[in-house]
Amino acid sequence: MPADAPDDAAPTLLIRNATCIATFDDARTELRDASIFIRGHRIEAIGAASDLPSQADDVIDARGHLVVPGLVNTHHHMFQSLTRAIPAVQDAELFSWLRGLYPIWAGLTPDMVHASTQLAMAELLLAGCTTSSDHLYIYPNGVRLDDSIEAARAIGMRFVATRGSMSVGASQGGLPPDRVVEREDAILADTQRLIERYHDAAHGAMVNVAAAPCSPFSVSRDLMRESALLARAYGVRLHTHLAENDHDIAYSRAKFNCTPAEYAQELGWLGPDVWHAHCVKLDADGIALFARTRTGVAHCPCSNMRLASGIAPIRRMLDAGVPVGLGVDGSASNDGAQMVAEARQALLLARVGRSLEPFGCDHGPSEMTARDALALATRGGAQVLGRGDIGHLAPGMCADLALFDLRSAAFAGGAVHDPVASLLLCASPQAAFTVVNGRVVVRGGQLATVDLGPLVERHNRFATELAA
């Protein structure tokens, strides 16, 4: 049987009679009173219920619901859910925030990473996110990226696991303490091992692996160069933090005598296989460089506001042609992992951001529309992660989607006018159903794959131990 042929024996799922389906295809098609038929992990058909099969192995009555593509999270640090709202760093900026948390994170264990990954993924899935990247860059006490990958498989989330790393400690002029950095040969060897063991390039792959040295202030030039060479030899992606705040810019200029974008160019860290987190301080030359090379950006508005890093020039990036997706960032700098809320924040921040620039506001409220922000959270994220099989709804695409109940109080008075815009303009809701790769992982607002109560108890116990 050809690889593209449907498997007639595969389980089927029918999303029936949805009030609205926002496909985010090339035409941004929106359908009313329509259905989606899924076979195996792919969407087989979208259209009027009368034109689709009436029976399936599983049927979701989607009357009164909005259906959107599964949301795509392009930047996270899931282990940080263990250190939410730590009092000592609640009012800190990036560098002092990191210095306060590095000694705590040095106590991480494999069980803690597994539990925190599942807790973060549960929060994402319950809010309609179906694909998430995670940047695990600290590996004390036997922690491995395998712990995160195993957690993702059990809970049912599509996962881009990035092998983060730190190799330049404080004694060498870096930011992290020496006890949490690794040898560079060990980092590269483990990255190669993970790629060979877990990376899947097939349509519908549930696990991708990427190489992800942490930041210019925690790894060497050599590690950046060698990581890029390794990743490209295996055809995997590259990820790091870049140009996050003023201190980040000052460090690059003092240490490397260049801007972060110039530093990335020098080391081979530009191109369609690269995405950088934040880029709050990317200047006009940097934006042009990213656009010309199709280098992606993970925009993390909540974290940037929490740490007072600034407002990323997202509209200027998009207008220039830079690929942009959304990221919730670490649970200790955002303290939440709700992608609808992140998209809403991106929408609002873009509108106020231009008014703060020296030459005033050219766009005003039209700087970003609700549909623009949802596009960042879906298609934009898929592009940034290099996934052509997710991010919008169409026959042949992966069956990743989220359903929101328009009959709830949060949508009252909004959904009757514009159900798509109301998802962001009204209060950010939880998903009623979340489907990943054709599998219902949230049903009736409840996680269907992992028992959430014991997970939360276990996670809170670990959080208490870690901070003790």
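In this predicted model, helix α5 spans residues 221-234 and holds both R225 and D222. These two residues stand three positions apart, about one turn of the helix. Their side chains meet in a salt bridge, with an N to O distance of 3.7 Å. R225 is partly exposed, at a relative accessible area of 31%, and D222 is likewise classed as partly exposed, at 48%.

**Salt bridges**

The structure holds 26 salt bridges. Three of them are set out below.

| Salt bridge | Distance, N to O |
|---|---|
| R225 and D222 | 3.7 Å |
| D372 and R28 | 3.4 Å |
| R63 and D61 | 2.5 Å |

The side chains of D372 and R28 form a salt bridge of 3.4 Å. D372 belongs to helix α12 (residues 370-384), while R28 sits in the loop between β1 (12-22) and β2 (30-39), so this pair ties together parts that are 344 residues apart in sequence. D372 has a relative accessibility of 19% and counts as buried, because the limit for that class is under 20%. R28, in turn, is partly exposed, with a relative accessible area of 36%.

In the salt bridge between R63 and D61, the N to O distance is 2.5 Å. D61 is partly exposed, with a relative accessible area of 33%.

Salt bridges also join residues into a network, whose members are R144, D146, R163, E182, D190, R193 and R197.

**The surroundings of Y263**

Y263 is part of helix α7, which covers residues 260-266. This residue is buried, with a relative accessible area of 1%. Apart from neighbours within four places in sequence, Y263 is in contact with P216, S220, R221, M224, F256 and C258. Between the C-alpha atoms of Y263 and S252, which are eleven residues apart along the chain, the separation is 7.7 Å.

**The cavity**

A search of the whole structure finds one cavity of 30 Å³ or more. The volume of the largest cavity is about 130 Å³. Its lining consists of 17 residues, and those nearest the centre are H77, L94, W97, L98 and H241. Helix α1 (residues 94-105) gives the most to this lining, contributing four residues. Sorted by class, the lining comprises eight nonpolar, seven polar and two charged residues.

Methods. Residues numbered from 1 in each chain as written. Predicted model: local features only at pLDDT ≥ 70, side-chain atom pairs only at ≥ 80, totals over all residues. Heavy atoms only, no water. 1 Å grid on protein atoms, 1.4 Å probe; cavity = no way out; pocket = protein on both sides within 12 Å on 5 of 7 lines; lining within 4 Å. Points joined across faces, edges and corners; volume = space filled by probe spheres on them. Nonpolar A, V, L, I, M, F, W, Y, C, P; charged D, E, K, R; others polar. Buried < 20%, exposed > 50% of the residue type's maximum accessible area, 1.4 Å probe, protein only. Contact = heavy atoms within 4.5 Å. Salt bridge = Lys/Arg side-chain N within 4 Å of Asp/Glu carboxyl O.
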